[in-house]
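Please keep the model open while reading.

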Amino acid sequence: METALLGMSDVSKSFGATRALQGVSLEARGGEVLALIGENGAGKSTLMKILSGAVSPDSGQMHLAGQPYAPTGPHDARVAGVSMIYQELNLAPDLNVAENVMLGQEQSRLGFVRGAAQQERVRGALGMLGRADLPLDVPVRRLSVADQQVVEIARALASETKVIVFDEPTSSLTQHDVENLFRVIEKLKRSGIAVIYISHFLEEIRRIADRYTVLRDGAVAGSGQLAGTTESEIVALMVGRKVEELFPSVPHIAGEVVLSLAGLSGRKTPRDVSFELRRGEILGIAGLVGSGRTELLRCLLALDPVRRGRVRIGAIEPRSTPHARIHAGLGLVSEDRKGEGLAQRETIADNATYSRLTPYSRFGWLNLRARRAAVEDWMRRLNVKAHSAEQTVEQLSGGNQQKVALVRVLHQDADVLLLDEPTRGIDVGTKAEIYRLIASLAAEGKAVIFVSSYFAELLSVCDRVGVMARGTLREIRPAEQWTGSSILSCALGVEP
Amino acid sequence: MSGLSSESARPWSTRGRQWLRTVLGPFLALVLVVAVFTVADNMQADGGKFATLRNAQNILVQSATVAIAALGMTMIIISAGIDLSAGTTMALSATVLAWFLREGYPPPLAVAIGVGTGCLAGFINGSLISLLRVVPFIITLGTMTIYLGLAKMIGRSTMVRPDRAQIPDWMGELLLPRLKYEWMIFPPGVWLLLILALLVSAVLRYTVFGKHVFAIGSSEATARLCGINVPLTRIAIYTIAGFFVGMAGLYQFARLTIGDPTSGTGKELPIIAAVVIGGGSLSGGRGSILGTLTGALIMQVISSGCTALKQPNPIQEIIIGAIIVAAVTVDQFRRGSG
């Protein structure tokens with residue numbers, strides 16, 4: 001089968017000033033699995049939305065089975081023969097399997113559902129997937145996630161779909177269920193359906209897909225046959241650079257102690273945490289979610305109530321208010337960028353300077369021109385991609401938002417930077433920039449506390465790594481003396 | 001390189017365009033409402049009285065009381081708050097002012113105490129919200145009734161009527177459409193409103209305090225993270241808003257020349273409506289003084305226009321209600337597409 005069942009040519013889409021997609025072309029052929037690969041923010045989700053009719057492209061054409069394809073909405077797309085299987089399944093939990101499969105395409109006479117005729121179609125669809133064993137009259141709420149996914153796929157088959165798009169379908173499945181899913185996809189392939197498979201996991205893609213298309217920054221970075229393409233070639237396409245450049249090393253040496261904690265305890269967590277941090281030092285904090293890492297940083301800034309313990313910053317012991325702690329030289333980049341880290345509706349300039357407006361203020365009145373110049377200078381230094389300092393933060397990509405949050409702690413000239421998951425949900429290119437920034441800040445004599453769930457980045461970036469579990473700081477060692485598995489066993493509380 | 005270089009090619013900064021859009025919407029609505037009533041008025045046999053300077057003066061005078069209170073309400077709503085006690089606080093201020101005049105205190109002192117009562121009421125609102133950590137809606141729902149009760153206590157459940165002689169001339173002329181000096185075009189109370197509006201607008205845009213108001217409204221968590229003293233700022237916002245409500249009490253007294261404890265009941269709604277029609281968002285972070293003034297004018301133009309067309313009160317109310325719903329819907333739509 002050489003002809004494309006679904007084709008996109010030169011599709012572009014912008015949201016405000018952000019160009020989400022730029023001249024993207026791809027084709028999915030019947031009886032083939034096309035892998036769509038890309039980092040977060042590469043434009044995969046926008047592409048999905050265009051395919052499903054949730055948004056319409058600014059320019060470019062789409063074809064489905066030789067006909068022009070321009071869906072006006074998800075239902076329209078489904079009728080035309082394009083089905084989406086999202087990470088979050090779209091099922092009515094209280095309806096049974098048959099009702100869910102036929103949802104929106106019920107066979108009826110005078111408004112009454114024709115049960116028998118429906119059941120036949122549902123059985124046919126499930127049979128095609130090799131899952132004729134699924135009971136039809138059970139509410140889908142009671143099925144496993146994997147079986148629910150089968151119900152969704154059966155729904156697509158029952159509507160005689162030509163193309164099925166899977167968005168990260170294995171993210172909530174066990175290994176066993178993944179195997180089953182792959183068998184189902186094989187069956188779909190053999191019945192001549194075109195499958196588009198979106199995933200981060202390269203091993204999965206190699207197993208299931210025939211061809212690949214890599215998206216980067218909203219454009220196609222490359223595409224071709226998977227056979228004969230190495231994994232590092234694909235990674236290079238995704239990242240746009242060699243992987244070794246991800247963790248740049250900037251030499252830095254530790255100076256005098258700038259932060260010391262003695263028995264710091266919060267309401268529940270942290271519990272009795274003590275350590276010292278020197279200028280020019282990067283301290284990583286590892287631990288499972290809920291181990292008290294975030295709460296430790298929040299107690300340091302007095303955002304959460306401090307029950308006991310002392311915090312000494314430089315030569316002073318500041319009062320327990322965020323204002324006093326910031327004044328003493330702490331700066332926090334929150335893990336919750338949308339809810340806490342940035343005021344999304346306000347401008348870059350506002351967000352960057354909220355914690356330090358004094359340089360531009362005379363008797364409370366601001367010199368906005370001077371402020372704008374200073375902020376734009378910082379934006380250039382951190383390579384923030386925006387039209388101007390007066391753009392609102394909500395219009396920026398995740399990576400650029402994170403840079404604005406970093407600009408704020410740099411602009412306030414904090415001596416100790418508390419970074420909570422600073423690389424979460426941002427693209428690899430920006431991650432590399434942030435690693436480099438952290439290292440060069442340490443070289444300038446700043447101290448950094450770097451909280452992360454990603455052990456590899458902690459081990460590569462930090463000088464020392466501490467592991468937290470159940471609110472206490474279990475152990476601090478130089479990074480060279482940790483491995484990923486020793487961190488994990490310490491975080492789980494098992495002796496290695 | 002960074003995208004900053006492309007900026008010179010863009011005549012409007014993003015914030016500037018956004019500002020233009022939020023202000024332009026209410027303004028176009030005002031122009032439209034004026035145009036519709038002018039045409040309709042000129043079509044009736046004894047028309048031609050709507051689009052006159054005299055009527056414009058009347059409209060401004062009649063909207064001034066709501067508008068001046070709405071200046072403070074704009075700040076509160078930008079900070080994601082609300083003040084349901086604005087109406088009864090206004091009546092309380094007017095009643096206190098009337099009482100001090102009637103008891104023979106010097107008028108400047110009576111005005112200062114009347115307006116000060118508004119500040120104090122606002123200070124209490126802000127302090128309760130900050131200290132008890134209860135949402136503004138509930139706190140001010142409570143103080144709304146408390147302030148009504150206090151006003152009734154002062155007025156002994158009836159109106160406080162100072163003598164004609166006890167009310168100084170300047171107070172009577174504050175909002176008198178018939179001008180002492182023709183060159184003034186509008187009475188002094190309208191000019192005072194405009195000056196205060198300019199001042200608040202500048203404070204919101206160009207001061208540290210103004211930035212903090214927007215920060216708290218946009219995201220209180222972010223404001224805390226940045227070391228902004230949220231409780232103190234909030235108390236300041238409500239106290240300043242109380243000042244403007246106190247001024248509204250003065251304006252109301254100047255027009256009625258009596259202190260009526262119950263005259264403010266329900267008046268918080270047009271004040272809030274002015275802010276909302278003017279583009280203020282009850283979820284915080286949005287609102288402008290220019291929009292609020294336009295919102296107050298739109299409501300007054302509709303009621304004046306309906307009077308000119310001899311339409312009864314219920315029609316005015318239905319139209320104003322529809323405008324509120326339309327304004328918010330249009331705003332949401334704009335935000336969704338932008």
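## The interface between chains A and B

In this predicted model, 28 residues of chain B are in contact with 37 residues of chain A. On the chain B side, three helices each supply at least two residues: α1 (14-43), α8 (208-218) and α9 (220-225). Helix α8(B) gives the largest share, six residues.

What is the make-up of the side of chain B that touches chain A, by class? Ten residues are nonpolar, 13 are polar and five are charged.

## A six-stranded sheet in chain A

Chain A holds an open sheet of six strands with mixed pairing. The strand order is β17-β20-β21-β15-β22-β23. Which strands of chain A form the edges? They are β17 (330-333) and β23 (472-478), and each pairs on one side only. Neighbouring strands of the sheet are turned against each other by 20° on average, direction ignored.

## The β15-β22 pair

Strand β15 spans residues 282-287 and strand β22 residues 464-469 of chain A. The two strands run parallel, and five bridges join them. One residue pair can be picked out here: I285(A) has G466(A), in β22(A), as its bridge partner.

## The helix across the sheet

Helix α17 of chain A covers residues 484-492. Which strands does helix α17 of chain A lie across? They are β15, β22 and β23 of chain A. Helix α17 runs at about 30° to β22(A). One of the strands under discussion, β23, is also an edge strand of the sheet.

Note on methods: Residues numbered from 1 in each chain as written. Chains lettered and ligands numbered in written order. Predicted model: local features only at pLDDT ≥ 70, side-chain atom pairs only at ≥ 80, totals over all residues. Pairing = 2+ DSSP bridges. Helix = DSSP H or I, 4+ residues; strand = E, 2+ residues; numbered from the N terminus. Axes fitted to C-alpha atoms, helices over the stretch in contact; angles between N-to-C directions. Contact = placed C-beta atoms within 7 Å. Nonpolar A, V, L, I, M, F, W, Y, C, P; charged D, E, K, R; others polar.
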